[in-house]
Amino acid sequence: MNIKRLLTLLTALIMSACTQTPKPQELFVIGHRGAMGYETENTLASVEKAVELGVPMIEIDVFKIASGELVVFHDDLVDKLTDGSGPIEELTLEQVKALTLEGNHQIPTLEEVLDALDKRTALNIELKGANTAGDSVRIVRQYISEKGYTEQDFVFSSFRWPELYRVRELAPDFDIAVLTGEDPLDAIKTAKALKAVAINPWYKRVTAENVAAIHEAGFKVFTYTVNEAEDIALMRSYKVDGIFCNYPDRALAQ
Ligand code: G3P
Ligand code: CA
């Protein structure tokens with residue numbers, strides 16, 4: 001090949017590389033309360049649906065109830081999601097198990113979720129209720145030592161930052177993510193003190209600039225709850241590390 005043809009070929013290759021669409025930012029997709037867009041939130045069915053959809057991690061919420069167990073439920077009150085009424089924390093396990101959720105599901109315990117999940121995805125345990133850190137760490141440790149789970153299978157998160165400090169006291173190596181509905185930059189100090197791995201902000205508070213600043217400070221950003229295609233694309237363009245999604249297949253498909 002003569003030199004002129006070689007130069008033309010090289011120029012064409014460089015031009016084509018420059019005009020190619022950039023590879024979209026990889027997103028870590030977390031099934032929110034399982035896959036609550038498809039099945040009743042925080043149920044075994046919702047967890048199973050998220051596994052089926054192929055997520056690498058599922059998020060659930062936990063409360064400690066009056067008889068001492070940790071149950072997987074989002075609301076303070078059972079009124080909206082069940083046929084009962086009153087604060088979930090005031091119920092015994094027998095009373096919780098007597099409640100029916102939409103679709104004829106029951107509220108599971110944390111152990112029931114761990115047994116059903118059986119290490120098929122990682123699990124983000126959101127400490128939704130008070131006094132949930134100690135029992136969550138104890139149960140997770142038990143599943144690590146007896147059921148083949150590893151520390152890497154778990155992330156603990158909470159809006160109740162004192163619960164996260166308790167997790168860190170009890171478990172120096174467990175992954176912690178700091179949840180916030182406020183300016184995510186205000187969570188950096190706490191994330192540092194907790195030796196957290198991530199700050200998890202509300203997506204309406206996320207900007208390209210605060211994501212860059214949080215990355216610069218050494219933390220990942222997983223934002224909640226991002227369900228619409230245009231918001232998923234926007235968060236991706238802001239370079240968040242991952243999203244919580246009620247319809248995980250929408251984000252996995254993008
Ligand atoms: O962990 C992300 C997200 O679940 C936090 O908000 O209210 O859905 O528990 P919420
Ligand atoms: Ca949650």
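In the predicted model, the crossing of helices α5 and α6 is right-handed. The contact involves Ala-133, Gly-134 and Val-137 on the α5 side, and Glu-163, Arg-166, Val-167 and Leu-170 on the α6 side. By class, the residues of this contact comprise four nonpolar, one polar and two charged. Helix α5 spans residues 133-146 and helix α6 spans residues 161-170. Their axes lie 9 Å apart and form an angle of about 40 degrees, which makes α5 oblique to α6.

These two helices belong to a chain with 10 helices and nine strands. The chain has 254 residues, of which 43% count as buried. Taken along the principal axes, the box filled by the C-alpha atoms of the chain is roughly 85 × 40 × 35 Å. Of the contacts between residues at least 6 apart in sequence, 54% join residues at least 24 apart.

The shell around ligand 1 contains three nonpolar, five polar and three charged residues. The residues around the ligand are His-32, Glu-59, Asp-61, His-74, Glu-126, Ser-157, Leu-179, Asn-200, Tyr-224, Thr-225 and Phe-244.

Val-240 is buried, because 26 other C-beta atoms lie within 10 Å and the class requires 20 or more. With neighbours within four places in sequence left aside, Val-240 is in contact with Val-206, Val-211, Val-221, Phe-222, Thr-223 and Met-235. The C-alpha atom of Val-240 is separated by 14 Å from that of Glu-230, a residue 10 places away along the chain.

Asn-104 is located in the loop between α3 (93-97) and α4 (110-117). Although Asn-104 is not a glycine, its phi is positive, at about 65 degrees. With 9 other C-beta atoms within 10 Å, Asn-104 is exposed.

A positive phi is also found at Asp-118, a residue other than glycine, with a value near 50 degrees. Asp-118 is placed in the loop between α4 and β4 (122-127). There are 12 other C-beta atoms within 10 Å of Asp-118; this residue therefore counts as exposed, since the class takes in residues with 12 or fewer.

Terms used
Residues are numbered from 1 along each chain as its sequence is written. Chains are lettered from A and ligands numbered from 1 in the order in which they are written. This is a predicted model: local features need pLDDT of at least 70, side-chain atom pairs count only at pLDDT 80 or more; totals for chains, interfaces and linings use all residues. A residue is near a molecule or strand if its C-beta atom, placed from the backbone, lies within 6 Å of it. Ala, Val, Leu, Ile, Met, Phe, Trp, Tyr, Cys and Pro count as nonpolar, Asp, Glu, Lys and Arg as charged, and the others, Gly among them, as polar. Axes are lines fitted to C-alpha atoms, for helices over the stretch in contact, and angles run from 0 to 180 degrees between N-to-C directions. Helices (H or I, at least four residues) and strands (E, at least two) are DSSP runs, numbered from the N terminus. Angles under 35 degrees count as roughly parallel, over 145 as roughly antiparallel, 65 to 115 as roughly perpendicular and the rest as oblique. A crossing is left-handed if the near helix is turned anticlockwise from the far one by less than a right angle, and right-handed if clockwise. Two residues are in contact if their C-beta atoms, placed from the backbone, lie within 7 Å.
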